[in-house]
Amino acid sequence: MLKLATVVVTLLVAYTSAYPRSSLRVPAHCVEGDVPSNIQVIAGRHLRTTPGPREQVRQVTRIDMHENYNGNTYANDIALLHLSTDTPFVYDDVVGEIALPTQEQQTPGDTIVSGWGRLTSGGLYPTVLQFVQVPFVNDTMCQTLYPEETIIPSMLCAGLIKGGKDSCQGDSGGPQAAVDGGYLAGIVSWGYGCAAPNRPGVYTEVSYFIDWIDAHRA
């Protein structure tokens with residue numbers, strides 16, 4: 001996988017005051033084999049390749065990958081990026097936070113995914129930040145649609161069965177927010193193509209990892 005020197009985040013993830021603007025949740029496959037000195041986090045950017053007048057840039061100081069991450073199955077596809085506590089993000093009307101769910105909280109409704117991934121599978125990248133609203137697909141249905149894969153409890157599927165709406169290549173690590181509740185339901189992880197019929201997107205289900213996040217927050 002191509003490693004990017006900069007991670008651009010659309011939402012700064014915070015939990016409670018126990019997470020003082022100094023850690024981010026990302027999929028493990030985006031940072032596997034990388035080192036903190038190679039990664040910066042940019043918050044508040046709207047145009048993919050053009051710095052914004054109010055964006056904020058911070059250096060990653062530590063990476064905590066899930067110890068049971070599997071790069072073949074994408075099981076436990078989550079990592080924490082720790083930032084320096086000396087220069088926390090400043091919250092304003094451009095940079096803010098999103099709440100985390102409780103441990104094992106279910107997300108039965110629609111979700112909103114955002115990012116600068118390709119507009120079609122293998123297609124062009126957008127200039128402006130995109131978002132799409134996609135419905136939750138239960139694990140039983142998702143497993144039926146992916147008979148060649150194993151959908152495990154730490155994965156969350158979302159998309160239209162008929163296709164047409166999805167995250168895509170380049171969206172990995174982007175946030176999946178629950179419409180009802182506004183919390184971080186998932187993180188873009190994997191899928192077959194983009195917006196294809198009977199192939200919903202598969203996300204890391206954040207509520208499955210709250211205890212793990214708590215254990216690695218310091």
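**A barrel, a buried strand and a pocket**

Hi everyone. Strands E8 and E9 (130–137) each give at least two residues to the lining of the second largest pocket; strands here are DSSP runs of E, at least two residues long, numbered from the N terminus. A quick word on the source: this is a predicted model, where local features need pLDDT of at least 70 and side-chain atom pairs count only at pLDDT 80 or more, while totals for chains, interfaces and linings use all residues. Residues are numbered from 1 along each chain as its sequence is written, and side-chain values use heavy atoms, leaving out hydrogens and water.

So what lines this pocket? There are 20 lining residues, and Arg-118, Leu-119, Val-132, Asp-166 and Asp-171 lie nearest the centre. A pocket is an open set of points on a 1 Å grid over the protein atoms alone, where a 1.4 Å probe fits, with protein on both sides within 12 Å along at least five of seven lines; lining residues have an atom within 4 Å of a point.

Next, the barrel. Six strands close up in the order E8-E9-E10-E13-E12-E11, paired antiparallel; pairing takes at least two DSSP bridges. E8 (residues 110–115) meets E11 (residues 175–178) through three bridges, with Val-113 opposite Gln-176.

Finally, is strand E6 (residues 79–83) mostly covered or open? Mostly covered: five of its five residues are buried, meaning under 20% relative accessible area with a 1.4 Å probe, protein chains only. Ala-79, Leu-81 and Leu-83 point one way, Leu-80 and His-82 the other. In a regular strand, side chains alternate between the two faces of the sheet.

Definitions and conventions:
Helix = DSSP H or I, 4+ residues; strand = E, 2+ residues; numbered from the N terminus. Buried < 20%, exposed > 50% of the residue type's maximum accessible area, 1.4 Å probe, protein only.
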